Amino acid sequence: MKVKEMEVEQRPREKALRYGLESLSDLELVALILQSGNKNRSVFEIASDVLKESEGLSKLMSMHVNTLMQIQGIREVKALQLLASVELSKRVIKSKVYHAPILKPEDVIEWFKFEYGTMSQECFIALYLDTKSKLISHRVLFKGTLNESVVHPREVFKEAFLQNANSVLIAHNHPSGDCTPPKADFEVTYKMVHVAMTMGVCLVDHIIVCKNQYYSFKEHKYLD
């Protein structure tokens, strides 16, 4: 069905204005972002294909412009509109983290899952915190398979001193979707703990993040 054939109050834009964006279904929300269809396909048909190709939006954040453009009815502008909405959401979540103290995994896990949990490549991240546990900056220090030889404490704590950080939180993702730490993750964690103690910098936590779960070394008492 085309938008103009719908009852006015049921059209995505009017429905959002009257009841709020949260009242829209995934299909309606994607249709609202796309704005219009073309002479061959309605905006709802295109939106339906977006949901199908992204597996119910779960893969949208990792999709490329060219991938979206393979959907009939989507060209550069519509592909960029969709990906811009994802990028904006990511930045909103990240901004919230930068403006509040980081005291527990829940303070960062939404951001980590959104930005790193769906990545196909493993990456190692360090967050640098001030004396009030607020985020000064974050760095992606390494991409690739995590092991003790490539993730060196020197890179982590050199940046801590440059940022005048009081504490550091490290994290990495498991593209497999299983957050269970292997032996290499324990070895990296223990080395970081010992170096942090020597350097006089607090290691807040080491978090492993996946799309739908996380593992905190602090919560499992491995940093005590």
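The structure is a predicted model, in which local features need pLDDT of at least 70 and side-chain atom pairs count only at pLDDT 80 or more, while totals for chains, interfaces and linings use all residues. Residues are numbered from 1 along each chain as its sequence is written, and side-chain values use heavy atoms, with hydrogens and water left out.

**The chain as a whole**

- The protein chain has eight helices and five strands, where helices (H or I, at least four residues) and strands (E, at least two) are DSSP runs numbered from the N terminus.
- Read along the sequence, these elements follow the pattern α-α-α-α-α-α-β-β-α-β-α-β-β.
- Taken along the principal axes, the C-alpha atoms fill a box of roughly 70 × 30 × 30 Å.
- Of the 224 residues, 42% count as buried, a term that means under 20% relative accessible area, with exposed meaning over 50% and partly exposed lying in between (1.4 Å probe, protein chains only).
- Among contacts (heavy atoms within 4.5 Å) between residues at least 6 apart in sequence, 59% join residues at least 24 apart.

**Helices H2 and H3**

- The axes of helix H2 (residues 26-34) and helix H3 (residues 43-53) come within 8 Å and cross at roughly 115°; such axes are lines fitted to C-alpha atoms, for helices over the stretch in contact, and angles run from 0 to 180 degrees between N-to-C directions.
- Residues of H2 including Leu27, Val30 and Leu34 belong to the contact, which on the side of H3 includes Phe44, Ile46 and Leu51.

**Histidine 174**

- Histidine 174 sits in the loop between strand S3 (167-173) and helix H8 (183-199), and it counts as buried because its relative accessibility is 8%.
- The side chain of histidine 174 makes a polar contact with the side chain of histidine 172 (3.1 Å); a polar contact is a pair of N or O atoms within 3.5 Å, where within protein one must be able to donate a hydrogen and the other to accept it, and residues adjacent in sequence count only if both atoms are side-chain atoms.
- Leaving aside residues up to four places away in sequence, histidine 174 touches several residues, among them Glu122, Asp185 and Cys210.

**Alanine 100**

- Alanine 100 lies in the loop between helix H5 (76-98) and helix H6 (109-115), and is partly exposed, with a relative accessible area of 30%.
- Not counting residues up to four places away in sequence, alanine 100 touches Ser133 and Lys134.
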